[in-house]
Amino acid sequence: MFKKDRIAGIRQPLEEIVGRENVRTGEADILMYSYDAGMARARPEAVIDISSASQVAPVVKLLHGAGIPFLPRLAGTNLSGGTIPLKGGAILNLARLKKIHRIDTAAKVAVVEPGVVNMELQKALEPFGFFYAPDPASQKVSTIGGNIGENAGGPLCLKYGVTADNVEKLEVVTPEGELCTWSYRDPGPDLMGLMVGSEGTLGIITRAWLKILPIPPHIKTASAAFPSLDEAMRAVVRIISSGILPRALEAMDKVSLDASLGGRKGHFPEGTEAVLILELDGEDPVRIRTELETAHKICHDHGCAAFKMAESEEERAMLWQARKGAYPALARLAPDVLVEDGVVPRPLLPEALKATREIISSYKLTAGLLFHAGDGNLHPNIVFDRRDNEEVKRVKKAGYEILKSCIALGGTISGEHGVGVEKRVAMNWLYGPGELAFFQSIKRAFDPAGLANPDKILPVAADRPPAARQPKGLADTFVFPAKSGLSPEARDIVDELRLRSAAGTRTAVTGLGTRLGPGRIMEGAKPLQLARLSGIVEIDGENLTARVEAGLSMAKFRSALEKEGFRLELPELKGSVGGLIASNVCPDIRGLLLGLQVATAEGALLELGGKTVKNVAGYDAVRLLCGSLGAYAVILSATFAVSAGKAGKGENWKEPAGWDAFEPGPMQRRLKKELDAGNLLNPWVYGDRPSR
Amino acid sequence: MRKDREHQIKEAGAPAGENGLAPHTGFHSDVNELYPHEKAPSHLGSLLTLLGEKTLYDAAAQCNRCGYCETSCPTYMMTGRETISARGRNQFVRMLVEGRAKDPADAKESLSTCLLCGACSSACYAGVPTPDIVLEGRRSLDGYGDNFFARAAVNTLLNAPRLFAFWLRLAYLVKRTGLPTLAAKMGLYDFIGMPALAEAETTVKEAPLRFASEILSGDPDLSPADKKKIDWAYFAPCGPNFVFTDVALATVRVLKRHSGEGVLIGNQCCGLLAHNYGRLSDAREFARRNIARYEELREKFGPFRVVADCSSCAAFMKSYEQLFTNDPEWRPRAKAFAGAVSDVLEFIPPDKAGEPASGACAGTVTYHDSCRACHGQGIRRQPREVLRKLAGKSYRELPESDWCCGGAGAFAFTQPELSARVLDRKLRNIASVQASTVVVGATSCLAQIGAGLRKCYPSARAVHYTVFLDEASNK
């Protein structure tokens, strides 16, 4: 199947780097690295045990030179087949890179190697009174490297954001073996943000600077037992839209609860069909108490049978044990479990639940339902036995139908588990050819040889439904999805871009002129005025999202929100929405940015991200465009997460100097070449011609 | 479409679950390519798991590869290699059973490096019995104990001459005391499993000239004559009986002092060593003899507890039923026996453990959970309650107290490097609480931790639980 003995050809130099005993090609190691926690299987040709982070770059260089595919692997707990070597090659086992280099409580940063287990980091931080927010249920075993690779979430990401929001800087070995360090604060496009959730397809992380936070002085945990899961979901929607931002808001159904409690009874009343776990934290105990009372009342309105505060640390631990143990505990019901990871806009949780249940029962399957309810993230855990081929078929079909139902509700196919190989086909349903082509360009820029964890995330030819049309030329990519709700102004912009692209006219993308004054614009570039593009497309108060057009001034956006009783958790910023995103003057914007609608240099309309708070389907192109200075694509509209309630006093915010001190590095240039080969958009950013 | 789909589904006839979903109906398989049918008597008939009685294949297949056991596996944590992790070992046996792994010899490293500590099963929600699964794998790979013995003997001669000398001395003692012919017939392999005996030999300055059972048989208090009813019968495991005689004597003193009337059961080896080295038929023979002996006493005295002071043996005896799943005559008898077994760690309630000795506990006392106590029997709370009472404020909890010490049968010398690394972590934790006394419940740990402390941290000592109790009462 594979070219024979590809490894033998480089064995000697490999052994010189990592040591003789660490290049393993014996049958035992090949078999043991042919599986992970997902369903897919494939045999690697070698397992290379890395014992020092400095070995990664030379090993990758060597593999790249020999044309051998490779992928990094840590605990192997991912749920989408991300660590399966689909094209053979080498597995780089990074599990021994377990150093915590530094914990800096003053700068609130921990510097760690990828093999550090999430829980080990938490334990190391605890004596200092700090914690690292992402807390996937697997945190006892899963590692920081894996968490970054998959952009892991966890209960606490409701308040503190997913992994991408909690990484400050990354040291990365590119697929060609170059060592780079990227931070989202760097001027220019956010390559660090792009790395998070890229599942080893864009490079290998060898060191991470993580944001750490002081443990809040007050943490209160409550459980609410409901006789109906639907009512529990409705309560979730109301709690969040009432303006309470819990630290975590989790839900589980009876099947999961029974599995993880393992028959222990008595904590919840008879007839409990669903349990919510609600956790609040903060500085102000009075506020926490008030919010708990509000939540209690809402739960009561929805038929909650028992709303109970965790009185002791043991009780709190028991609740979390029940929640975090629910997935592994399903092994009690059957030997295999398929975990889906769809996300829908939170208010649609009851609909998503209904659809999921119908699908599961129509395929006669059993599933434990778990929810990061506050995030709108559903985990139906379908139990089965892979030895029963017929059942496996039903499970797969049901899984895909569930994903389709999430897409139909305006959601996405993966919130935190990644796409890997198992949800690759679903990318076809979520995205149009334009978006997929955009992702392909990103992959090509980073990994032209296609060796880094090949055939992951992006659909391959075999995944394409036969009926689907592939774009033959540009014209075919101009199918505007109905959901885009394009305004006439936006349509004009897209049309204009198409014309200019056909004519080879260069464009200077200008907004309100706050940052991009006439002095900066390169001669010969024709301005494209976005100022007219200033509509407020939607303020979704229930979902707490707002979508606005790029030319709208931030100040107007704020006051419009305020009128409706919402706010943006950002300092007062000057300029247009699009300009602020593209210039990255305030890197915190990325944390609230859920989706972007952009037009490429050729005038193709792309929908990136969406209106869910979690989304790991495909590369994080939204973050890539933060700081892209209008040179990769033209931002048409943006979707933000907003908060309920009046804005507080505007912080004193000073625009940082040097936001535009961007010197493109080789990777940004390659991206430019892929995304705008003719250098038509803001051409001065990358010099007259993007370098080859 | 819907109709088609319905049609494809097996008519399982399962009632709808409470949430309107059909419960999982289960799937059973008799596939087994691990060993030929005629070798079945040398294997377990079935495994008694947390989720019921299962074939080897079903037991291994219960692992859904979630990986939550990995960080509890000492060998994975030391090496970062899936190949020598709990999940890996399970998958390997499964692949062997399914015939997907072609050559059993490939599994040698994976299976031989397992400490059998059972930490993975404790971490596993489905309680997948990895140690039993590993042993089943080993049995067929190691030729049912024959090859292992040969290999171990040669290895020992080469690498641990002091251990070999110790064997010889034991052999001498075995002859001198006329141990049951069975043990003699089986050669010495059953002794090599005693943990880190090479190191133990340095503790036991002079091998005991009399075994504990000999000494105790002269104790009039333990004589069955004149007794109508007994509360306990002391089961002398090989470690306390042959090597750490002071432990056996202390156990009996403690039992006599606090737990009413008792006798010596007059046991044979529990069979664990034969079991772990692949000789199931010998293990079964040991078990049958012990069961028969128990039944005799029970006939005479009515119900009582069989108390053993080595957690490895106690745990194994509690699992006797698993040896006889295909034996309708012995299975119920084994089950009844297993139900009567108590580890001395759980046998003595705090109110009967004596009074806190004032000033008796110089220095910090801590407790190491022997794997076969915490993972094998779920004993964690009881010994702590007793120690807290006796040692008061001198008691400190040991970090990672249930992390294996690396003794684990013959592991210390079949895998000396791994064993040393596992022990090192234990010693660091002991040092971190500045303990001066580490209380343990299994002879394996007593030897391994004792030897480690003497070498690296001589101001602390390892003592057996009953020795600690006995000392506290004497002060």
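Me: How many bridges join strand β13 of chain A to β14(A)?

Reply: This is a predicted model, in which local features need pLDDT of at least 70, side-chain atom pairs count only at pLDDT 80 or more, and totals for chains, interfaces and linings use all residues. Residues are numbered from 1 along each chain as its sequence is written, and chains are lettered from A and ligands numbered from 1 in the order in which they are written. Strands (E, at least two residues) and helices (H or I, at least four) are DSSP runs numbered from the N terminus, and two strands pair if DSSP finds at least two bridges between them. Strand β13 (residues 248-253) of chain A runs antiparallel to β14(A), and the number of bridges joining them is 6.

Me: Which residue of β14(A) is the bridge partner of Glu250(A)?

Reply: Glu250(A) has its bridge partner in β14(A). That partner is Ile277(A).

Me: Which residue in β14(A) stands opposite Thr221(A)?

Reply: Strand β12 (residues 218-226) of chain A is joined to β14(A) by 9 bridges, and the two run antiparallel. In β14(A), the residue opposite Thr221(A) is Glu279(A).

Me: Why is β14(A) described as largely enclosed by the rest of the structure?

Reply: A residue is buried if 20 or more other C-beta atoms lie within 10 Å of its own, exposed if 12 or fewer, and partly exposed in between; C-beta atoms are placed from the backbone. Strand β14(A) covers residues 274-282 and is largely enclosed because its buried residues number 7 of the 9.

Me: Which element gives the largest share of the side of chain B that touches chain A?

Reply: Residues are in contact if their C-beta atoms, placed from the backbone, lie within 7 Å. The contact takes 48 residues from chain A and 40 residues from chain B. On the side of chain B, the elements giving two or more residues are α1 (2-8), α4 (86-98) and α5 (108-112). The largest share, 4 residues, comes from α4(B).

Me: How many of the 13 residues of α4(B) are buried?

Reply: The buried residues of α4(B) include Phe92(B), Met95(B) and Leu96(B). Among the elements covering the buried residues are α2 (27-32) of chain A and α7 (130-141) of chain B. Helix α4(B) is largely enclosed by the rest of the structure, because the buried residues number 12 of the 13.

Me: What percentage of the residues in chain B is buried?

Reply: Chain B contains 27 helices and 9 strands. Of its 475 residues, the buried share is 55%.

Conventions: Two residues are in contact if their C-beta atoms, placed from the backbone, lie within 7 Å.
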